[in-house]
Structure formats: structure tokens, C-alpha cells
Amino acid sequence: MRILLVFIILNINNYLFSSIITDNITLRKIEKLIQKEEDIAKGYKKFLLKYGKVPSSIQNLIDIGFLPKGFDVKNPFGEEIEFIINKNEIKKFVNTNLSFDSTLNNYYFTNINRKYTKSPQKSIENITIKLNFIENFIYSNQNIITDIKEQAKSKTNEGGYYIENGVLNWFDQNGNYKFTIAEDIISKNQIINESTNNTLLISKDSKSNFYQLFHIGKRIYQPNEKGELNEFVNLGKKIVKLEKEIAPGIILIKNNQNGSGVIINGDIYTWGNNTNKVISIGKNYTKENNITGSGIPIINTVVRTRAKNYEQIKKDSFTKFDYNTVERCRKILNEQGNYVDICDEVETAINSFNSNNFYSSPNRAKFTNMYIDYNKSICAISNKNELYCGGEDILENNYIDFIGYEKGSKKDIDYLYKNKFFDGDSHYANDVIFIDNIYLALGRSKSDNTSVSKLYYWGKSNNNGYAGTGNKSETNIFTPTIVPGGYEFLKIFYDSTINKIIALEKNGTIYFWGIMGNKEDCIQNINGNNINFCAPKILDWGKIDKEEISFPVVSIEQRINAIIALSTDDKYYKIKINNDGTASKRLVEDDIKAVSTLEEDKSILSFDYNENGIIWVNSNNKLKGTFTQIDSLFTKTINQISWEKIKVVSSNNGICGIDINKQMYCWGDLSNTNNDGFVVPIFGSNLQDENKDFIFLEKMGNNVTTVTSGDWLNNGKYFLKYPTFIGGFNYDVIFK
């Protein structure tokens with residue numbers, strides 16, 4: 001009997017061991033299958049851009065070198081991979097082994113490891129090859145595209161495109177060159193006729209299918225007599241020529257409950273409450289009738305943040321050098337009896353502080369990301385992944401070493417200083433946030449073999465468990481310290497509604513952690529299970545038939561009234577996270593359908609959630625949704641503007657939108673949470689009374705210095721009743 005029992009146990013162990021091996025082998029095969037599909041899609045796109053048509057077969061891609069010689073057209077499971085004829089699709093892998101289903105669902109039928117392809121979301125679908133704007137146009141118009149120039153010129157009664165490295169050149173039915181289509185539309189001849197009220201001469205009857213590319217807000221470029229490009233924009237009813245200007249790149253507007261700022265061409269501009277010296281304004285003062293104020297100082301215009309300058313590290317080693325000009329070189333006798341010049345390693349300017357303070361130098365630090373809290377600090381990430389910070393809290397209370405700043409001096413505390421740890425050389429920073437007395441940064445070491453960020457923390461007190469260490473007892477940690485657990489996060493933010501840190505890991509999993517300080521312990525009993533809320537935990541999406549629901553996402557974004565996730569099925573979801581870590585999700589498009597079933601509202605350009613629900617900009621550039629305190633003039637105003645983007649910018653229901661001309665309009669209560677600052681620089685709105693034109697304001701008690709009146713003042717707060725133009729933001733804008 002004992003022998004039989006041992007035999008049974010051995011067989012069970014062998015079965016389990018073999019199952020694990022089988023799963024691992026299957027996973028490796030699926031990973032190779034996905035990589036094959038990605039390689040094929042990449043070659044397909046190259047072929048499309050070179051020849052203006054789709055390849056006839058995968059072997060076709062191999063023959064012309066867009067796939068390597070010896071590329072096996074069979075997948076790792078022994079089946080041949082094929083294109084779907086007349087579609088930009090690859091025939092999906094059909095599984096006949098039920099034991100593979102779990103691995104397929106977790107890896108093959110997701111987009112996590114895909115860049116050039118999109119996985120099937122339904123059983124009847126195949127693998128879609130992702131095409132960008134110009135690739136899709138080429139795919140749709142293959143019949144009038146050729147890679148031979150003379151063929152395009154000789155097409156009779158219709159004209160044709162000549163494709164050259166992905167650029168389309170149109171020749172009309174007479175063989176005359178007319179225009180070029182690339183990322184933008186560039187005309188060599190009369191697409192735009194300025195003498196006839198900027199009329200578009202190419203109609204929908206044109207064989208060029210040019211109209212497919214021509215939507216409201218589209219830019220067109222046409223050379224003038226000097227050979228320069230004039231720029232036009234389609235406004236729907238007419239095409240308008242734009243004046244020449246030196247335009248900055250994309251403006252990033254960083255907005256949270258306690259601070260706002262913008263990044264324009266790498267420079268940071270801030271405004272608002274300057275109690276803790278987070279604005280580079282120098283001496284704090286407020287002014288009314290030339291009398292210095294004594295309240296909370298509020299800066300009412302954009303101020304460029306001044307970042308300290310540093311020399312670059314330079315090290316050179318020499319074995320031979322000019323002995324007479326370099327003091328650190330010397331002559332020595334080598335083993336062969338010959339004199340040679342030997343020089344020490346020459347080291348100059350090791351991240352040294354540049355005291356010249358050329359804040360407008362072309363070599364000044366340029367920034368790509370930032371985080372600001374009026375009550376604490378400002379920190380920013382440079383384009384070299386360096387961490388710069390300023391403000392009293394980070395430089396004095398939660399200090400970590402900054403190059404050129406002496407703790408306790410409080411000199412130039414409103415400037416930005418480079419951190420010695422995240423210096424862009426030994427360690428790289430990608431993002432930073434701070435809550436209470438804990439600072440969190442996503443970064444990595446130079447020696448890390450991954451480009452994905454680890455989680456670091458420092459600060460005076462981890463009382464709320466925000467550091468993610470599993471404890472809340474850490475104090476006075478003034479060196480960035482990596483959080484244990486090996487987490488690799490892409491995104492991190494603080495959700496004030498549930499007082500939790502939210503983070504997105506590289507595999508698309510959402511984590512949360514944090515407690516209410518002395519009111520809660522790290523370990524709490526939830527439904528009979530002990531959960532440590534001071535360490536990162538995966539959100540609980542519930543179960544179906546006792547199986548945990550998986551919800552991998554591509555990106556996640558914190559907004560004022562909602563958390564928005566983009567899932568692997570390319571759909572946006574509004575997600576709700578509860579204090580106990582349970583979560584739920586709802587399709588954004590379902591919220592729109594509940595309000596409108598119009599055809600024009602099925603395609604959305606931008607959306608957000610105000611206190612009444614969802615608001616959005618549809619495909620006709622119309623702003624839709626339910627708004628507060630409206631009248632006929634408000635409705636008329638928003639209907640007259642052709643919108644492109646919409647964003648709720650304050651918890652008091654302040655809203656800003658961008659129109660198709662890249663102009664910003666805002667309305668509602670634009671005061672911040674504590675009513676001691678503004679979420680946009682109101683000095684740019686030109687609504688001040690003539691005798692109250694203040695750049696410096698102050699808060700005394702509960703009231704802020706008033707700069708306006710009537711419909712633009714409500715309960716002592718800065719209030720815009722109607723969409724009002726805000727100057728200084730007339731470019732492409734990204735809200736964060």
C-alpha cells in the first residue's frame with residue numbers, strides 16, 4: 001500500500017512539473033509568434049511606403065529585403081503565416097489545443113507586446129496591421145499610385161501619384177505636377193488661389209482624392225515668390241492665410257489641485273501662491289496703491305522659472321601629450337629605456353555650479369515634465385533626465401543634495417537646482433510627485449539593464465505609507481532610496497479623493513497604496529483578508545466564475561473629476577477606485593451614448609468630466625455636455641467656437657478649451673482649491689478693471705485682492721461666467 005501511495009505521489013509531481021514546462025514552452029512560442037507578426041507588419045509598412053501598394057505575399061517581403069533571408073514563413077506551431085487578401089491584416093493563429101487557451105488570452109490576444117499590429121478582439125477578427133495617416137491614405141488609393149514617375153505623368157483623363165520614400169507627388173491628367181502629400185500638404189501650384197477669396201480649387205470630383213485629407217483645422221503650405229512657404233488653415237467655410245511668426249513647440253500645461261504651470265519650448269512658467277518660494281520672482285511682495293502687502297502673496301502673471309546653470313562633466317586620459325603645456329604630464333623612462341610622456345586623467349568641471357547665472361543662455365536646462373505644489377515645492381525633469389527642484393520645502397525641510405545650494409542659506413530659494421543623485425549621468429529621473437513629507441520619483445540607475453523606471457522615495461516622514469515600503473515608520477530619509485519589490489512603473493500620481501498613490505506598471509497592471517496617517521494601520525482586514533496598504537497592491541476588478549478579472553491598460557491619466565484609462569482594446573474607460581482597493585470601470589463612449597445618439601457624437605476629439613457628468617468635443621468641433629450656470633449667451637458662445645480640446649481645470653468646475661486656431665478659452669471658478677491662487681494666469685484675460693490692473697495680489701483672511709467685478713466675480717472668487725479668451729496659449733497644447 002505504501003509503495004502504491006509513493007507511486008501515485010511521484011506521478012502527480014511529474015504531471016505538475018511537466019505542465020509547468022509545457023506552459024513555459026507555449027509562452028516562448030507565443031512570444032516568437034507575436035514577434036514574427038510584428039516583423040511582417042513592419043516590412044508590410046515599408047513596402048507600402050516604397051511602392052504605393054501592398055505586398056502580394058510574405059515571400060515578397062523576403063525577396064526584396066524587407067524581411068531577412070531565411071525568414072521562416074511558418075509560425076512556431078508549424079502553420080504558415082499569411083496575409084488576408086485585400087485587407088491590411090495577417091491571418092491570426094487558430095488554436096486547436098485547449099490547454100493553450102489561458103496563455104493565448106494572456107499574451108497573444110493583448111496589445112501589450114505589439115507596436116505595429118493590433119490583436120484580434122473577437123473570434124472572427126484577424127491581426128490588423130496598424131497604419132498611420134499617410135499609410136492609410138496610400139492603402140486606400142493604390143489604384144492611382146505608382147513608383148514609376150513617368151507612369152504617374154502619363155495616366156490619361158485622371159492623373160496619378162508618384163510615390164517616393166513615402167511622399168506622394170500628384171500629376172494631373174495633362175502630366176503637370178500639382179502638389180505633394182506628406183505629413184502636411186505642400187502645394188507647388190494653384191491649390192490655394194488668394195485672388196479669389198482663398199477658394200479651394202480641388203473638389204470631391206478630383207481623382208486625386210485630396211479631399212479625404214482636408215478637414216477643419218488642417219494646415220496647407222504653399223511657396224511664395226521668394227521660395228518661402230505661406231501657411232493656410234481650413235476653417236470650414238473658408239481658408240485663411242496665417243501671418244508669419246516664430247512659434248514655440250507644444251505647450252504642456254501641468255495642473256493639479258494646488259499648483260499649475262506650463263512648459264513652452266523647454267522653459268517652465270509658473271504663477272499663483274508664492275508663500276513657499278516656488279515662483280522665480282525674487283522678493284515676495286504684493287502691491288496696492290504702492291503699499292507693500294502683508295498677506296499671502298499671489299503672482300497674477302506667468303513668470304519664467306530660473307534654473308541654475310552647470311558645466312558638463314568632461315574627462316580625458318592621455319598617454320602622450322605636450323609636456324610643456326600640460327602641468328599634469330611628466331616624462332618617465334619605460335622598460336625599453338626610452339622617455340615617454342605620461343599624463344594624469346584630466347578632469348574639468350565635474351557638474352560644477354556656474355555662478356554667472358545666464359538664465360537665458362542657449363545652453364540652459366530644457367524641461368519636459370514638472371510637478372508643482374504651491375504649499376511645498378516645484379520639481380522638474382530635464383530633457384537629459386536630470387531632476388531639478390526649487391522652493392523652501394525641498395531645499396530645506398525635505399532636503400536631498402542639490403548642486404550649488406547650501407542648506408540653511410535660503411538664498412535664491414525660488415530657483416531650480418540640479419540634484420546630485422538624479423544627475424542625468426549616474427541616475428536618470430522620468431517623473432516626480434510629492435505628498436505631505438514624502439517625495440516619490442520614477443527613475444533608474446545607469447547600470448540598470450532596462451529603460452523602465454524603478455520607484456524611489458525620500459522625505460521627513462512616511463506616516464501615510466506613501467513610500468510603498470510596506471511600513472509607515474520611516475523618517476528623515478534624505479537620500480533617494482529604491483522601494484523594494486522590483487516594481488517597474490510607467491506612470492504615478494496621487495488621488496486626493498481616496499488618499500492613495502496610483503501607479504501603472506510596464507505590463508499594464510494598475511497598483512495602489514497609502515493610508516490615512518495615524519488614523520489607520522498599514523495592515524487592515526478586508527473581508528477576512530489582511531492587506532498591507534503601505535505596499536503596492538494590484539487593483540481588484542472582481543471575479544467572474546471565481547476567476548480574477550484582468551484589465552491591462554496602455555496608459556492611465558488623472559483628471560480633476562475622474563481617472564481615465566486607455567485599455568489594450570483602444571478604448572477609453574472611466575475607472576473608479578475605492579478605499580479598499582476594489583475598482584470598477586465604465587466605457588467613456590457609453591457615457592456619451594447615454595446623453596446623445598447623434599451620428600456626429602460617435603467620433604470624439606476630446607472629452608472630460610465636470611461635476612454634472614461627461615463633456616466632449618465631437619467630430620464637427622462642437623462642444624457638448626451639461627454645464628452649470630448657463631444662459632442663452634453662454635450657449636450661443638460655445639456654439640460659435642469650433643473646438644478642438646476640452647479640459648476641466650479646477651475642482652470648482654473651472655473649464656478651459658482650445659479651439660481649432662489653438663486659442664484658449666476658459667470659464668467658471670478658476671480659483672484653486674484653497675482660494676489662494678489661480679489655475680490659469682488671469683492677468684492674461686484682460687478682464688481687470690482699469691484701476692485694478694494688478695500683477696501682484698494677496699490673500700487677507702478669506703479674500704483675495706479683487707481685480708474685476710460684475711459677472712466676473714462670485715463669492716469673492718475669480719469667476720468667468722462666459723468662455724473668455726486667455727492670452728499666451730495660442731499653440732498646440734497638452735493638458736496634464
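View 1. Strand β1 and strand β2 (residues 89–90) run antiparallel and are joined by 2 bridges, where helices (H or I, at least four residues) and strands (E, at least two) are DSSP runs numbered from the N terminus, and two strands pair if DSSP finds at least two bridges between them. Within this pair, Phe 83 stands opposite Ile 90 in β2. The open sheet of 4 strands has the order β1-β2-β4-β3, with antiparallel pairing. Its edge strands, each pairing on one side only, are β1 (83–84) and β3 (117–118). Residue numbers start from 1 along each chain as its sequence is written. Because the model is predicted, local features need pLDDT of at least 70 and side-chain atom pairs count only at pLDDT 80 or more, while totals for chains, interfaces and linings use all residues; side-chain values use heavy atoms, with hydrogens and water left out.

**View 2. The hairpin of β42 and β43.** Strand β42 (residues 553–558) runs antiparallel to strand β43 (residues 563–567), and 5 bridges join them. The two strands form a hairpin with 4 residues between them, and Gln 558 stands opposite Ile 563 in β43.

**View 3. Helix α8 and its two sides.** In helix α8 (residues 632–640), the buried residues are Phe 634, Thr 637 and Ile 638, buried meaning under 20% relative accessible area, exposed over 50% and partly exposed in between (1.4 Å probe, protein chains only). These residues lie on the same side of α8 because they cover an arc of only 90 degrees around the axis, the arc being that of the directions from the helix axis to the C-beta atoms. Ser 632, Lys 636 and Gln 640, on the other side of α8, are exposed. At the start of α8, a side-chain oxygen of Asp 631 reaches to within 3.1 Å of the backbone nitrogen of Leu 633.

View 4. Strand β49 (residues 643–648) pairs with β50 in the antiparallel sense over 5 bridges, and Ile 646 stands opposite Gly 657. These two strands form a hairpin with 6 residues between them, in whose turn Asn 653 has a positive phi of about 75 degrees. β50 also pairs with strand β51 (residues 664–669) in the antiparallel sense, over 4 bridges, and Trp 667 in β51 is the bridge partner of Ile 655. The hairpin of β50 and β51 has 4 residues between its strands, and Lys 662 in the turn has a positive phi of about 65 degrees.

Notes:
A polar contact is a pair of N or O atoms within 3.5 Å; within protein, one must be able to donate a hydrogen and the other to accept it, and residues adjacent in sequence count only if both atoms are side-chain atoms.
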